[in-house]
Amino acid sequence: MAQQSAESGIAVHHGAASLDVSPLWPARLDHIGMATPDPAALAAFYERVLGMTVSALPDGRHLLAAPERRLIIAEGDARGHDFSAFALADRAQLARCRRFIEGQGAALLPSPSPLFGEDAFAVRDPDGRLAVFGLRAAAGEVGASAALPGRLQHVVVASARFPQMMAFYRDSLGFLVSDTVHADDGKGGLGEVNVCFLRADPEHHSFAVFRAPKSQSDHFALDVPGWDDIRRWADHLASHGVAIWWGPGRHGAGNNLFFMVKDPDGNNIEISSDLETLPKGAAGKSWPAGGRALNLWGPVWERDAPA
Ligand SMILES: [Fe+2]
């Protein structure tokens, strides 16, 4: 159910009460698994530019680690995003989540990540990507030196199966819906949902899905402490010849400051700060088409434009 504000055109919608008891709360994005045709080259970029330490995993994949950000890079197609790994609070919550997700009819698969304990599990989403749930292994942080602070905070995908993806992450996995962005219904009102921001703790989103002609990775974001760090990151990236291609700006949905750059494969990396928080059970906003949901300050990234 949604009530639309006459002044802004932005509606506040009310989450389903049943999901306020989601067993996934609280969960945080912990690391992601990426793929590339040239893992060594991509790992070298993340080491040099994002201040991450490279180490080899027993199966040949590369682990990139710095405080609060970890990536696993495997050989595969360019811009591959194989899995998103979410850390839960403790063993009891992990068991509750496993029962809940299994109860929704999802098939449980082995975790593809060595960074979680052995009781971690995975489920395959409608686009074929894995969502992984587990507890951080006791080994803790690898890689002590980072050029600048930045916590891996959210990951976003584009999907040609948008309705199925939104339903899967919300209903089968238990993420809560924060904001949604809608197509125009032809009468200036809210049409079908085109973007869904999802959370599993008070941070506005740790995962989001955009409707798109092709299912593919979209971006991941590092959360930095404040505006000064946005400036420091921009200067740092510039010193490595990495140019901003979108921003700086402020997203309407999530209200975070941002800019975006690309790695050598074309993966989009967002530097973000001041993401809003939304307590469990709080209503998100429903945004009309028109771009303000994506950038209050300037132009938007038109994801459905031909590549
Ligand atoms: Fe983002």
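Predicted model: local features only at pLDDT ≥ 70, side-chain atom pairs only at ≥ 80, totals over all residues.
**Ground rules.** I number residues from 1 along each chain as its sequence is written.

**Whole protein.** I looked up the secondary structure and found 4 helices and 19 strands, taken as DSSP runs (helices H or I, at least four residues; strands E, at least two) numbered from the N terminus. Of the 307 residues, 54% are buried, meaning under 20% relative accessible area with a 1.4 Å probe and protein chains only. For contacts (heavy atoms within 4.5 Å), I noted that, among those with a separation of 6 or more, 68% link residues 24 or more positions apart.

**Helix 3.** I read this helix as residues 162–172, with Phe162, Met165, Met166, Phe168, Tyr169 and Ser172 buried. The cover over these buried residues includes helix 2 (91–103), strand 11 (151–159) and strand 13 (190–199). After helix 3 comes Gly174, for which I noted a positive phi near 95°.

**His154.** I placed this residue in strand 11, and it counts as buried because its relative accessibility is 1%. I listed two polar contacts (N or O pairs within 3.5 Å, one atom able to donate a hydrogen and the other to accept it, with sequence neighbours counted only if both atoms are side-chain atoms): the His154 side chain meets that of Gln153 at 2.6 Å and that of His219 at 3.3 Å. Leaving out residues up to four places away in sequence, His154 touches residues including Leu29, His205, Phe207, Asn256 and Glu270.

Key
Heavy atoms only, no water. Buried < 20%, exposed > 50% of the residue type's maximum accessible area, 1.4 Å probe, protein only.
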